[in-house]
Amino acid sequence: MPRLHKGDPPSPCGRGPGGWVSRGSATRVLSLASALALAAWLLMAPASALAQAPQTVFLEELTWIELRDLIAGGKTTIIVPIGGTEQNGPQMVLGKHNFRAKALAEKIARTLGDALVAPVIAYVPEGNINPPTGHMRFPGTITVPDDVLAKLLEYAARSFRQGGFRDIVFLEDSGGYEMDLKSVADRLNHEWAATPVRVHAVMEYYRVTQTDYIRALEKRGYTDAEIGTHAGLADTSLLLAVDPSLVRSDRLGEAARLGRPGGAYGDPRRASAELGQLGVDAIVAQTVAAIKRDIAQR
């Protein structure tokens with residue numbers, strides 16, 4: 001190290017063209033390097049963000065910024081799946097409709113390409129509490145009055161409109177409250193007639209389970225007594241196609257033996273995921289077609 005002379009800088013901190021440079025010069029070099037690094041990061045940030053764009057269609061799995069960007073990018077349809085929590089015989093879980101509604105809504109949204117899926121509505125009218133009627137005779141079933149469901153749907157729709165969605169789609173996985181969906185949709189569409197926002201109560205989703213799906217099972221030789229209307233072969237097969245872990249296969253015989261007193265209106269012993277897939281495919285295809293038709297007619 002060269003000897004310091006009177007008037008030299010107090011202590012060297014780096015080499016320059018002439019040997020040693022001052023601390024101030026080094027600081028300027030570091031600042032320049034930091035600025036270049038920041039500029040490089042800013043240039044790379046959009047590509048990085050794009051690479052990490054969420055692949056989910058479920059609204060509840062997004063941040064508000066991710067949702068904002070997806071809506072700005074054209075995902076302006078929101079599907080509201082409506083399930084229900086009720087007894088489903090000794091062989092199926094109480095949340096059958098909720099699991100099924102979420103899984104099928106995801107398939108529908110991905111097929112549409114410009115849709116997202118709202119959280120499943122798990123509380124719907126199921127009958128009276130005192131005295132208990134319908135499924136309310138079994139533990140685990142949850143009921144709400146029709147006006148409660150209607151108000152929930154109304155304010156969910158108002159929230160989605162506020163967030164930037166243009167098409168709000170109600171899909172019911174369980175029957176019995178179609179008029180609630182239609183009345184809310186009609187009322188809001190009348191109120192919002194001068195805006196581009198519309199609410200669609202799409203009935204095809206549930207109707208398929210009562211029509212085309214049943215006919216497909218009949219063509220394969222299954223009887224009406226087997227197919228049933230609740231927790232029978234048709235119903236159980238649909239859930240097997242969605243998630244077999246939600247079906248207690250060792251209780252299929254018990255469901256058939258107990259029948260209606262046990263909550264099964266049909267015979268699920270020959271239920272299978274293969275049969276259920278017939279229903280899944282029909283529901284998705286016909287619901288997607290119905291949503292596209294309704295939006296085109298807005």
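I looked up helix α11, residues 273-296, in this predicted model. At 1.5 Å a residue (taken times one less than the number of residues), its 24 residues should span 34 Å, and the end C-alpha atoms are 34 Å apart, which agrees. Helices here are DSSP runs of H or I with at least four residues, strands are runs of E with at least two, and both are numbered from the N terminus.

I noted the ground rules: residues are numbered from 1 along each chain as its sequence is written. Local features need pLDDT of at least 70, side-chain atom pairs count only at pLDDT 80 or more, totals for chains, interfaces and linings use all residues, and side-chain values use heavy atoms, with hydrogens and water left out.

Next I checked burial in α11 (buried: under 20% relative accessible area, 1.4 Å probe, protein chains only). The buried residues include L275, G276, G279, V280 and D294. Among the elements covering the buried residues of α11 are α3 (96-112), β5 (167-172) and α9 (233-242).

I then turned to strand β3, residues 77-82. Six of its six residues are buried, so β3 is largely enclosed by the rest of the structure. In a regular strand, side chains alternate between the two faces of the sheet. I find T77, I79 and P81 buried on one side of β3, and I78, V80 and I82 buried on the other.

Last, I listed the partners of β3 (pairing needs at least two DSSP bridges). β3 pairs with β4 (residues 115-117) in the parallel sense over three bridges, and I78 stands opposite L116 in β4. With β5, β3 pairs in the parallel sense over six bridges; the bridge partner of P81 there is L171.

Technical notes: Buried < 20%, exposed > 50% of the residue type's maximum accessible area, 1.4 Å probe, protein only. Contact = heavy atoms within 4.5 Å.
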